[in-house]
Every structure is written in structure tokens, then in C-alpha cells.
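Work through the exercises below with the structure open beside you. Try each task before you read its solution.

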Amino acid sequence: MSGVTFDLAPGACLVVAGPSGSGKSTLARAIAGLVPWAAPGRLDGDLRLDGHPVASTDPAALVARIGVVFQDPSSQLVMERVEDDVAFGLEGRGWLPPAMRARVPIALAEAGLAGFERRRTARLSGGEQQRLALAGAFAPHPGLLVLDEPTANLDPQGALAFAERLAVLRETRETTIVLVEHRADLAWPLADLVLALAADGTPLALGTPADLLAGHRPALVAAGIWLPDEPMSPLPAASGPGGSGRRGEPPPADGSRPPVAEARDVDFAFERGIPVLSGLDLAIEPGARVALLGPNGSGKSTAARLLVGLLRPTRGMVRVAGRDPARIAPRDLARLAGYVTQDPERSFLAGTVEADLLLGLTPDERGRAGDVAAALGLPLDRFGARNPFTLSGGEQRRLSLASQLVRRPGLLVLDEPTFGQDRRGYEGLLSLVHARVEAGTAVVAATHDLRFAADLGGRCVRLAAGRIAEDGHVAEDAP
Amino acid sequence: MIAIPTRADRVAASPLGRANPLATLSVALAWLLALSTTTDLRPPLLVTAAAVAAALALGRVPLADLARGLAPLWLAALSVGFFNALLSPANADPTATVVLAFGPIQLTEPALAAGLALGLRVVAIVAVGVAWGRVTDPTHLTDALVQQGRLPERFAYGALAALQAIPWLAEDLVALREARRMRGLRASWHPRVLVGLLVLAIRRGDRLAVAMDARGFAAPGRTRYRDVRWAALDTLVVAAGIAVLAGIVALR
């Protein structure tokens with residue numbers, strides 16, 4: 001990241017937009033006053049917070065005025081219990097105990113976590129952890145709030161509620177907000193200023209949202225930045241025209257070809273007595289496009305992992321290409337069903353991008369690996385020697401997708417494939433998925449991204465509390 | 001949302017839950033130390049009974065919780081006792097009374113007694129540990145270690161945060177093994193999986209450290225949300241614990 005200049009008035013809201021790998025998170029850390037003493041990096045130029053140059057101010061004094069929420073809420077919760085975690089930031093800023101005891105419940109209630117005081121942080125869902133991280137950052141009344149992709153783990157409803165909360169905060173004009181967010185539809189309406197970064201980390205444009213949309217639209221689109229006013233294909237209604245629509249009823253099979261994967265009356269529980277899925281009936285036809293929707297904790301990821309044989313059902317049966325996945329050799333199973341995890345960092349098994357991509361491939365597959373990577377914006381001549389962990393979040397996601405696509409499995413299951421993707425990554429993903437569907441691959445995507453569900457343009461299966469609540473098709477005449 | 005008191009809340013409000021964890025810890029350590037000085041059968045039985053009774057009555061630990069914590073113990077105690085009896089040199093003593101003979105294998109009375117004594121001590125040690133673990137809240141313990149034990153804050157709270165990362169480590173392992181299966185490889189204990197586990201743990205630790213600093217952990221003038229003191233209750237807990245121990249030793 002280089003050459004960034006901006007002035008932010010107290011109480012204003014700056015939205016930082018840019019393609020994957022443009023240094024948005026780095027900028028957020030620098031603005032939060034954490035570089036270089038707490039986070040790695042070198043800071044040149046003049047960064048002032050409240051008029052004080054960051055380089056010569058005591059870090060402790062800086063941090064006392066700033067609240068930060070990073071990506072990945074699970075790795076920023078410190079204490080064992082919710083109330084202690086909120087208090088942790090207050091202790092560091094020297095609050096007195098009575099003031100802390102009064103402030104903690106209020107901060108929790110404001111974040112939508114009233115009554116959670118004694119809960120264990122490790123037992124919270126992803127969405128609840130995100131809310132707790134926000135409560136902790138906001139509790140000390142920071143003068144500046146820095147938020148890095150705060151809606152990452154939230155379902156659409158949670159993301160909307162979060163945006164509304166930020167809007168309330170902005171109205172009071174007591175807190176300056178720096179918001180890094182791909183979801184332009186949520187973030188831009190809150191912005192006084194938008195800073196757009198180019199892929200190389202240099203500033204592309206800076207101005208009010210209206211100025212940017214009026215004056216820089218082509219440049220922003222070319223850089224792969226999402227804009228707030230883009231139309232979205234409509235999603236199917238509860239039972240759209242042409243959909244089977246009946247609750248829990250799989251769409252009729254044509255009978256000529258067996259499903260690539262199917263679950264019959266499947267129950268699944270990680271712990272006895274706490275069911276994640278109950279009575280799941282789902283058949284994936286060859287070449288089908290299926291969006292698996294549902295709120296946080298509804299069992300989407302679990303259903304996805306069952307369909308590719310990574311988990312075995314507690315009750316009922318799962319078939320991949322008509323066979324019990326537990327009886328298929330791993331090397332064959334990986335060519336029948338591919339799975340791209342929600343958390344790409346946990347799927348890397350080699351020290352370089354190229355080695356990770358080539359792991360376990362046949363010579364034929366090795367031959368086309370370079371093309372697959374290039375189509376996903378990861379040409380091996382540029383990315384091949386890099387360590388997968390140094391890639392940006394969006395790039396990591398595309399790498400883990402490439403390593404599955406290259407095997408050309410008959411079924412491809414994607415868990416939150418679009419999170420953190422800029423426009424170019426999204427479009428590359430979508431066109432590859434459609435190309436695979438043309439070639440006969442069935443694609444199942446567990447996603448919060450309603451835009452992707454609509455663009456996928458197939459069947460929508462909505463889960464609620466471990467059961468199928470809706471199963472319908474996108475209307476054929478949808479734009 | 002209404003806050004419903006959980007089992008953990010009830011334990012925290014109990015006399016042993018409210019006591020300074022360092023007080024209960026010193027009693028538990030004294031009991032364990034005394035066990036190591038005796039080979040009799042009775043003291044471990046009495047210590048076990050005292051630990052279970054204290055956890056149930058004074059710590060309000062639900063019986064089911066305690067039983068679950070103690071479950072693996074029976075098997076461990078049985079096998080320790082059995083194998084020590086079986087392999088004891090006393091079995092070769094021709095003057096000893098044979099209790100059980102099976103072909104060339106025979107169990108003599110002194111060997112059985114020695115095995116029983118060892119098994120019972122395992123029971124007692126685990127019972128004291130489980131009982132203390134169930135009445136002690138990790139946050140409370142950390143606060144006490146910092147405030148009375150003079151442990152450095154950075155170390156103590158870092159350790160508390162690391163403790164919570166253990167479930168994440170288990171999830172990382174599952175994910176990495178799944179990643180191998182999705183490449184058509186066996187989900188074995190491949191060295192690369194272990195390297196990956198280490199990399200993920202270090203990265204998580206890094207992020208946590210930055211998050212702690214961002215929340216003012218390094219700042220001077222840190223205050224305390226929970227003030228842990230040494231109160232009359234704590235002196236009472238220690239005195240009662242020592243008195244029980246003295247009684248057990250005297251009964252021997």
C-alpha cells in the first residue's frame with residue numbers, strides 16, 4: 001500500500017473499498033495506530049490521529065482512543081466469559097470498577113447481546129462472536145472505530161442489523177468510523193467519504209459516494225470494486241413459478257440418470273442430543289445448480305460436508321454417485337465430489353501456491369492446473385512461488401477453489417465461495433462455475449450471498465434449524 | 001433476553017466457588033501431598049469421599065457433572081490396580097497366601113493389597129483434581145494468580161486466552177485432515193498436517209496478540225474488573241481443609 005492521503009473530520013465515516021490484496025486490512029491496522037509496534041510493517045509519511053503524529057505518540061495513548069474489530073472474530077476474543085471480554089478493553093483504558101460494571105451490560109445490549117454476560121465466548125456462534133467483538137471495541141467510547149469486514153460472519157439479516165447500528169452511531173457524530181467492507185450496498189450509504197484503492201495499493205479515488213459514482217464509475221468497475229447501486233437478479237420466492245415449491249420435496253428426477261449425490265432422511269449431530277440436521281432429504285441431479293441458504297447455524301456447512309462424504313450421517317444414508325462414500329477410495333472420491341471450505345487457511349497443505357495446487361494430481365490434471373489458476377486470477381508465473389498464507393483472503397479462497405476445480409469432479413460443493421471476493425474474483429468464479437455446469441458438473445453453494453444465489457440461477461434450498469424449510473427453482477424468465 | 005442462571009453460575013455462587021481459588025488450590029495440594037506419604041488403604045478412600053462431598057455440598061457441583069468428570073477414572077484405577085497386583089514381585093513369594101491361581105499365573109494376598117492401595121490412590125488423586133477443577137472458574141483462578149499470586153499479567157491472561165484456543169486447535173486438525181481427503185489423499189497424520197496445525201496456531205496467536213494490544217493490554221494504569229481478595233472465607237476454607245486432612249491422618 002502506498003501514497004494514500006485523506007483527511008477525516010471527527011465523527012465522519014470513511015469507507016475503504018478496493019480489490020482483494022489492495023492493502024485494505026493493512027491500511028485499517030495503520031489507521032488503528034498498530035503499525036509498527038503491534039502489527040508488522042513500516043510506516044512512511046505522516047499519519048496523524050487527532051492531530052498527533054502516530055510515529056511519535058506513545059502507542060498506549062493512541063490505542064486508548066481507538067476501537068478495532070478485525071476480520072475473524074474468533075481470534076480477537078481474549079477472555080473466557082462474555083462480560084470479562086467486554087471489560088478487558090475497559091481495564092486496559094483504566095476504567096474504575098463501578099464504571100465498568102455499569103458500562104458492560106449496556107455495551108452488550110447495544111450489540112444485541114443483552115443477557116449474554118455469563119456465557120462462554122468459545123461457545124458463541126460466529127455471528128454472536130462478531131457482535132461481541134464489536135461490543136468490546138465500542139464499550140470504551142472510542143473516538144475512532146476501525147472495522148475490517150465486520151459483516152463477514154453474519155447472515156443477511158445480521159448484516160443488515162449491523163449496518164443499521166452503524167447508521168445510528170453515525171447520526172450521533174461522536175465516533176469517527178473507518179469501515180473496510182466489500183458489501184457496497186451496506187457500506188456506501190453510511191459513508192461521508194469513500195477511499196477506493198487500486199490493486200497495487202495506490203489510491204484510485206477519494207470523495208463522497210455521489211462524486212465517486214458520478215465521476216469514477218468506469219475506473220472503479222475496472223479495478224474490480226463493487227458499487228452500491230448495481231441491480232441484482234431476483235431471488236425465487238417461497239415457491240417461485242416453475243419450482244416444485246413443496247416443503248421438503250425434492251424436485252422430480254428425470255429417472256434416466258442417478259443423482260450425483262443424495263441424502264435420504266439424514267440426521268446429523270456432532271454431540272449426542274444436539275442435532276445439527278434432522279430428516280434431510282436432498283438429491284442433487286447431474287448438472288444441477290443449487291444454492292443452499294439459511295441463517296447462521298442452520299446447518300448449511302454440515303449439509304455440504306455430508307454431501308461430499310466428509311461427514312458420516314448419524315442416521316439415514318448419503319450416496320455419492322450412487323455409492324456409499326465411506327466405501328469409495330479417497331483418490332476416487334475426490335474426482336467424484338469436490339468441496340471448497342469456508343475457511344481456506346485451513347485447507348493449505350504445502351508451502352507454495354504451486355505445490356499446494358498440484359498436490360495429489362494425476363499427470364493429466366497437472367497439465368491443466370496452470371490454466372485453471374490463471375482463469376481464477378492466480379497465474380502461476382506471478383503467484384506460483386508465493387506462500388498461500390501471504391495471499392489476501394479473496395485470493396486464498398480462489399486458490400482452494402482452483403485445487404478442487406482442476407480435478408473436474410462431477411459434483412462441486414462450495415461453502416461461502418464469494419465472501420471477501422472483489423468484483424473480478426466474483427465474476428471469474430461465476431463464469432468458471434457456469435462453465436463447469438455446461439460441462440455437466442453439479443454445483444452446490446452454501447452461501448449467505450443472495451446475489452450469488454440469484455446469479456447461480458438454479459434451485460434454492462433454504463435450511464432453518466437443521467431442516468429444509470423451502471425448496472424451489474429460480475424462475476426461467478428471471479433477468 | 002432473560003439471563004437464566006446456569007450450572008456454572010450456581011457453582012460460582014457456592015462457598016467454594018466464591019472462595020479464592022488459591023485457597024482451594026492449597027487445600028487440594030495439601031491433600032495430594034499427604035496421599036503420597038502413605039500406602040494404607042483408608043486415607044485415599046477418605047480423601048476421595050471428602051473431595052466428592054466438598055464438591056457436591058460446598059461447591060454445589062451437580063452430581064451428573066461430577067460423575068462425568070470421574071467416569072474415565074474407574075477404568076484407569078482398575079487397570080493400574082490390576083496390573084500392579086499381577087506383576088508384583090510378591091506373587092513369587094512362596095510363603096504368601098495365594099488368592100487366585102490360573103495356570104502358572106497366581107495372585108497372592110500382599111500383591112493384591114499393594115495393587116488395591118495403588119488403585120485407590122489413583123482414585124483419590126483424580127477425585128481431588130476433578131473436584132477442584134469443577135469448583136474453579138478459569139477466569140477467577142487467573143485473576144487470583146495475578147492479584148495474589150503476583151503472576152505477570154501478560155503471562156496469566158495470555159495463558160487463559162491460549163486455554164480457550166484448544167477447541168480451535170481440534171477444529172483446525174479436523175479441517176486439515178479433510179483438506180487432505182479432498183485432494184484424494186488419506187486423512188493420515190501426515191507431517192504436513194502437523195506443520196499446518198502449527199502454522200495455524202501461530203497465526204491465531206499472532207492475531208490474538210495484536211487484538212489484545214489494540215484493546216490497550218500493554219497500556220499502563222490497567223484497572224481490574226474483578227477484584228479478588230483474600231477474605232475470612234478463604235482462611236476458613238484452608239483451616240477446614242487442613243482439619244479434615246488431620247482427621248484423616250489421625251484415623252489411619
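Predicted model: local features only at pLDDT ≥ 70, side-chain atom pairs only at ≥ 80, totals over all residues.

Residues are numbered from 1 along each chain as its sequence is written, while chains are lettered from A and ligands numbered from 1 in the order in which they are written.

**Exercise 1. Describe chain B as a whole.**

Step 1: list the elements. Chain B has 10 helices and 2 strands. Helices (H or I, at least four residues) and strands (E, at least two) are DSSP runs, numbered from the N terminus. Along the sequence the pattern is α-α-α-α-α-β-β-α-α-α-α-α.

Step 2: check the dimensions. The C-alpha trace of chain B spans about 75 × 60 × 35 Å along its principal axes. Its radius of gyration is 24 Å, whereas a compact globule of 252 residues would be near 18 Å. The radius is taken over C-alpha atoms, and the globule rule is 2.2 Å times the number of residues to the power 0.38.

Step 3: look at burial. Of the 252 residues in chain B, 35% are buried. Buried means that 20 or more other C-beta atoms lie within 10 Å of the residue's own; exposed means 12 or fewer, and partly exposed is in between, with C-beta atoms placed from the backbone.

**Exercise 2. Find how H3 and H6 of chain B pack.**

Step 1: take the geometry. H3(B) (residues 21–35) and H6(B) (residues 109–135) pack at about 180°, with axes 10 Å apart. Axes are lines fitted to C-alpha atoms, for helices over the stretch in contact, and angles run from 0 to 180 degrees between N-to-C directions.

Step 2: name the arrangement. The two helices are therefore roughly antiparallel. The cut-offs are under 35 degrees for roughly parallel, over 145 for roughly antiparallel, 65 to 115 for roughly perpendicular, and oblique for the rest.

Step 3: locate the contact. Residues including Leu25(B), Ala28(B) and Trp31(B) in H3(B) meet residues including Ala124(B), Ile125(B) and Val128(B) in H6(B). Contact means C-beta atoms, placed from the backbone, within 7 Å.

Step 4: sort by class. The contact has 10 nonpolar, 1 polar and 1 charged residues. Ala, Val, Leu, Ile, Met, Phe, Trp, Tyr, Cys and Pro count as nonpolar, Asp, Glu, Lys and Arg as charged, and the others, Gly among them, as polar.

**Exercise 3. Trace the sheet of chain A.**

Step 1: write the order. The open sheet has 6 strands, S4-S5-S6-S1-S7-S8, with mixed pairing. Two strands pair if DSSP finds at least two bridges between them.

Step 2: find the edges. S4(A) (66–69) and S8(A) (203–207) each pair on one side only.

Step 3: inspect one pair. S5(A) and S6(A) run parallel, joined by 5 bridges. Val146(A) stands opposite Val178(A) in S6(A).

**Exercise 4. Is Leu380(A) buried or exposed?**

Step 1: Leu380(A) is in helix H14 (residues 380–383) of chain A.

Step 2: count. It has 20 C-beta neighbours inside 10 Å, so Leu380(A) counts as buried.

Step 3: list its partners. Beyond neighbours within four places in sequence, Leu380(A) contacts Glu354(A), Gly370(A) and Ala373(A).

**Exercise 5. Summarise the interface.**

Step 1: count both sides. 50 residues of chain B are in contact with 56 residues of chain A.

Step 2: find the main supplier. H8(B) gives the largest share of chain B's side, 14 residues.

Step 3: sort chain B's side. It divides into 27 nonpolar, 8 polar and 15 charged residues.

Key. Contact = placed C-beta atoms within 7 Å.
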